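Colleague: Please take one part of this model and go through its surroundings closely. What does it pack against, and how is the neighbourhood arranged?

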Amino acid sequence: MVAGTSTGGIVALGLACGLTAQQLLDLYVERGVEIFPRLNWLQRKLKGASQYVLNRCDTDALYAMIDQIVGPRQLWESQVRLCIPSAGTRHFEPFIFKTPHHPDYRKDWSLSMAEIAKATSAAPAHFRPVVREDGHEFVDGGIWANNPVMIAVADALACFDVKREQIRTLTLGCGRSRYEMTWARRNMGGMLSWTSLLFETMEIQSQNVIGQARLVTGGDRVLRVDAPPPKTKIELWDWERAAAELPTVGEELVGLMGDTPAQWFLQEAAAAYKPIYTPQFPPS
């Protein structure tokens with residue numbers, strides 16, 4: 001089972017389509033500049049000022065890369081079980097797109113993988129929301145499930161006859177950030193000093209669900225891989241620094257994991273996933 005939110009949702013869907021991690025990395029490194037173009041000093045300042053009223057990034061470029069990754073496939077065609085969080089904007093409700101790996105999962109099986117990838121990665125203030133033909137509108141799942149590890153653990157326990165001590169979890173982060181209570185917050189308050197709260201709550205949510213997963217399955221059965229905060233923050237839109245620095249950080253983290261992932265996940269082949277619902281056998 002693979003769960004992924006936002007860019008992790010795109011990666012999860014890419015893996016579900018049969019792409020390798022290396023192929024996905026190459027796409028991010030080679031085509032990320034289309035979504036986050038290089039800007040000079042003046043352009044960065046103008047973009048920074050305009051983001052208070054306009055989305056910062058090129059949504060169409062993101063969509064083009066997603067279409068290349070997953071193509072015209074529907075969710076039932078996934079090669080693995082998937083849980084992909086998003087958020088409905090009408091009442092800001094949590095929403096999870098799931099492959100038909102349980103008889104009760106009747107609604108999502110025929111949805112477009114590309115539509116799901118666009119919905120989970122529609123980061124507010126950066127990309128426009130995704131509006132479906134039925135009128136439902138979605139934004140990035142990170143606003144409530146930045147780290148989806150407990151979504152996967154809960155789904156595994158709910159859907160399958162497994163004991164919690166049978167579950168092994170590998171959870172991958174995007175690099176930690178350092179947050180501190182500022183002087184303005186402590187002494188003045190007000191909305192302006194709390195403008196970064198969204199990112200801080202996402203960080204706290206991630207720490208919380210890792211603790212929950214370890215509590216449910218056992219602390220020695222959850223492997224968390226995440227990079228320490230960089231000396232200077234890498235902004236979400238700074239593709240150039242990300243492409244130059246983060247692949248090397250990833251390689252170093254893989255080395256630190258040692259043999260644990262192989263021992264947990266690569267000792268024997270898993271039975272192939274077969275969807276319960278398909279166009280030939282749709283839900284009644």
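**Helix 5 and its surroundings**

Modeller: Helix 1, helix 4, strand 2, strand 3, strand 4 and strand 5 are what the buried residues of helix 5 pack against. Here buried means under 20% relative accessible area, exposed over 50%, and partly exposed in between, with a 1.4 Å probe and protein chains only; contact means heavy atoms within 4.5 Å. Helices (H or I, at least four residues) and strands (E, at least two) are DSSP runs, numbered from the N terminus. The model is predicted, with pLDDT of at least 70 required for local features and 80 or more for side-chain atom pairs, while totals for chains, interfaces and linings use all residues. Residues are numbered from 1 along each chain as its sequence is written, and side-chain values use heavy atoms, leaving out hydrogens and water.

Seven of the eight residues of helix 5 are buried, so the helix is largely enclosed by the rest of the structure. Those seven are Met 113, Ala 114, Ile 116, Ala 117, Lys 118, Ala 119 and Thr 120.

Helix 4 is one of the neighbours of helix 5. Helix 4 spans residues 59-70, helix 5 spans residues 113-120, and the two pack at an angle of about 140° with their axes 9 Å apart. The axes are lines fitted to C-alpha atoms over the stretch in contact, and angles run from 0 to 180 degrees between N-to-C directions. Helix 4 and helix 5 are therefore oblique to each other; angles under 35 degrees count as roughly parallel, over 145 as roughly antiparallel, 65 to 115 as roughly perpendicular, and the rest as oblique. Their crossing is right-handed, meaning that the near helix is turned clockwise from the far one by less than a right angle, anticlockwise being left-handed. On the helix 4 side Tyr 63, Ile 66, Asp 67 and Val 70 take part, and they meet Met 113, Ala 114, Ala 117 and Lys 118 of helix 5. By class, the residues of this contact are six nonpolar, no polar and two charged. Nonpolar covers Ala, Val, Leu, Ile, Met, Phe, Trp, Tyr, Cys and Pro, charged covers Asp, Glu, Lys and Arg, and the others, Gly among them, are polar.

Helix 1 is another of the neighbours. In helix 1 (residues 7-16), the buried residues are Gly 9, Ile 10, Ala 12, Leu 13, Gly 14 and Ala 16. Helix 5 is in turn part of the cover over these residues, which also includes strand 1 (2-3), helix 2, helix 4 and strand 2 (82-88). Ser 6 lies in the loop between strand 1 and helix 1. Ser 6 is not a glycine, yet its phi is positive, about 60°, and with a relative accessible area of 18% it is buried. Gly 18, which follows helix 1, also has a positive phi, near 100°.

A search of the whole structure finds five aromatic pairs. Rings of Phe, Tyr and Trp (its six-membered ring) pair if their centres lie within 6.5 Å; planes under 30 degrees apart count as stacked, over 60 as edge-to-face, and the rest as tilted. The pair of Phe 97 and Phe 138 is tilted, because the ring centres are 5.4 Å apart and the planes stand at 55°. This pair links distant parts of the chain, with Phe 97 in strand 3 (residues 93-98) and Phe 138 in strand 5 (residues 137-140), 41 residues apart. Both Phe 97 and Phe 138 are buried. Ring pairs also bring in Phe 95, which forms a cluster with Phe 97 and Phe 138.

Beyond helix 5, the chain runs through a loop to strand 4, and Ala 125 lies in that loop. Ala 125 has a positive phi of about 75° although it is not a glycine. At a relative accessible area of 41%, Ala 125 is partly exposed. The next loop, between strand 4 (130-131) and strand 5, holds Glu 133. Glu 133 counts as exposed, at 88% relative accessibility. Its C-alpha atom is separated by 40 Å from that of Arg 178, 45 residues apart along the chain.
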